[in-house]
Amino acid sequence: MTIREILKMGDPHLLRIAEPITTFDTPELHALIADMRETMASVNGAGLAAPQIGVNLQLVIFGGVSVNPRYPDRPVVPATVLINPVITRIGDTEEFDWEGCLSVPGLRGEVPRWAHIRYTGMDEYGQAIDRTVDGFHARVVQHECDHLIGKLYPMRVRDFTKFGYTEIIFPGINAAEDD
Ligand code: NI
């Protein structure tokens, strides 16, 4: 396993449309996911998308962080490998909450997301995933899957008075730990 470099906003590789994965349960795919897990854990991230390490595939990982010291009250999202995802919103309720991104270190912004979604896709073995979720879980999925269509959360910010440096907006948070 290798900790991979995380690309930062401004890198054109983060703006691409990712390609679907067509073969599952291969050594290459498992090795890529192992690298992504190690990379995400090394920075205490809530999720990571393959394009963030320069791999232009429709693959995201998220969850499994047992207790994030920054967000002790947040529900635990199951550790998930999600490939070729499709998100369908349920209803039209939006929720605003703060997000950060490993590709946008040191910053936070308030981002609208669909409150309720269904998402489908595959895991690394080609097994179908089909979940209906809301709240923080739904937010994480929408954030990560945005990376597969070249979208970073600042592109979703509507009120730029709610976008700034973590250390200024949330003085108690260690800005080195970003999601
Ligand atoms: Ni991100």
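The expected span of a helix is 1.5 Å times one less than its number of residues. Keep that rule in mind for the first view, and remember throughout that this is a predicted model.

**View 1. Helix α2, its span and its cover.** Helix α2 has 12 residues. From its first C-alpha to its last it reaches 17 Å, close to the 16 Å expected at 1.5 Å a residue. How many of the residues of α2 are buried? The count is 10 of 12, so this helix is mostly covered. Look for the buried residues as you follow the helix: H137, A138, R139, V140, V141, Q142, H143, E144, C145 and D146. Two of these names, H143 and C145, come back in the next two views.

**View 2. The nickel ion and its donors.** Which residues coordinate the nickel ion? They are C101, through its SG atom, and H143 and H147, each through NE2, at 2.1 to 2.3 Å. Read along the sequence, these donor residues follow the spacing C-x41-H-x3-H. C101 and H147 come from distant parts of the chain, 46 residues apart. C101 sits in the loop between β4 (94-99) and β5 (107-114), while H147 belongs to the loop between α2 and β8. Both C101 and H147 are buried.

**View 3. Two cysteines without a bond.** The structure holds zero disulfides. C101 is buried, with a relative accessible area of 1%. C145 has 10% relative accessibility, so this cysteine counts as buried too.

**View 4. Strand β6 and its two neighbours.** On one side, β6 pairs with strand β3 (residues 80-89) in the antiparallel sense, over five bridges. In that pairing, I87 stands opposite Y119. How many bridges join β6 to strand β7 (residues 128-134)? There are seven, and these two strands also run antiparallel.

View 5. A pair of aromatic rings is described by the distance of the centres and the angle of the planes. The structure holds four aromatic pairs. In one of them, the rings of Y153 and F163 have their centres 6.2 Å apart; their planes meet at 75°, so the pair is edge-to-face. This pair links distant parts of the chain, 10 residues apart: Y153 is in the loop between α2 (135-146) and β8 (163-165), and F163 is in strand β8 itself. F160 and F163 make another edge-to-face pair, with 5.9 Å from centre to centre and 85° between the planes. Together, Y153, F160 and F163 form one aromatic cluster. F163, at 26% relative accessibility, counts as partly exposed, and F160, at 52%, counts as exposed.

**View 6. A charge over a ring.** What sits over the ring of W114? Here you can find the charged end of R89, placed 4.4 Å from the centre of that ring.

**View 7. R4 and M36.** R4 lies in the segment before α1 (27-42). In sequence R4 and M36 are 32 residues apart, and in space their C-alpha atoms are 7.4 Å apart. Is R4 buried, partly exposed or exposed? Its relative accessibility is 28%, so R4 counts as partly exposed.

Note on methods:
Residues are numbered from 1 along each chain as its sequence is written. This is a predicted model: local features need pLDDT of at least 70, side-chain atom pairs count only at pLDDT 80 or more; totals for chains, interfaces and linings use all residues. Side-chain values use heavy atoms; hydrogens and water are left out. Two strands pair if DSSP finds at least two bridges between them. Helices (H or I, at least four residues) and strands (E, at least two) are DSSP runs, numbered from the N terminus. Rings of Phe, Tyr and Trp (its six-membered ring) pair if their centres lie within 6.5 Å; planes under 30 degrees apart count as stacked, over 60 as edge-to-face and the rest as tilted. Buried means under 20% relative accessible area, exposed over 50%, partly exposed in between (1.4 Å probe, protein chains only). A charge sits over a ring if NZ of Lys or CZ of Arg is within 6 Å of the ring centre and within 35 degrees of the ring normal. Donors are N, O and S atoms within 2.8 Å of the metal (3.2 Å for Na, K and Ca); water is not among the atoms, so sites may look incomplete. A disulfide is a pair of cysteine sulfur atoms within 2.5 Å.
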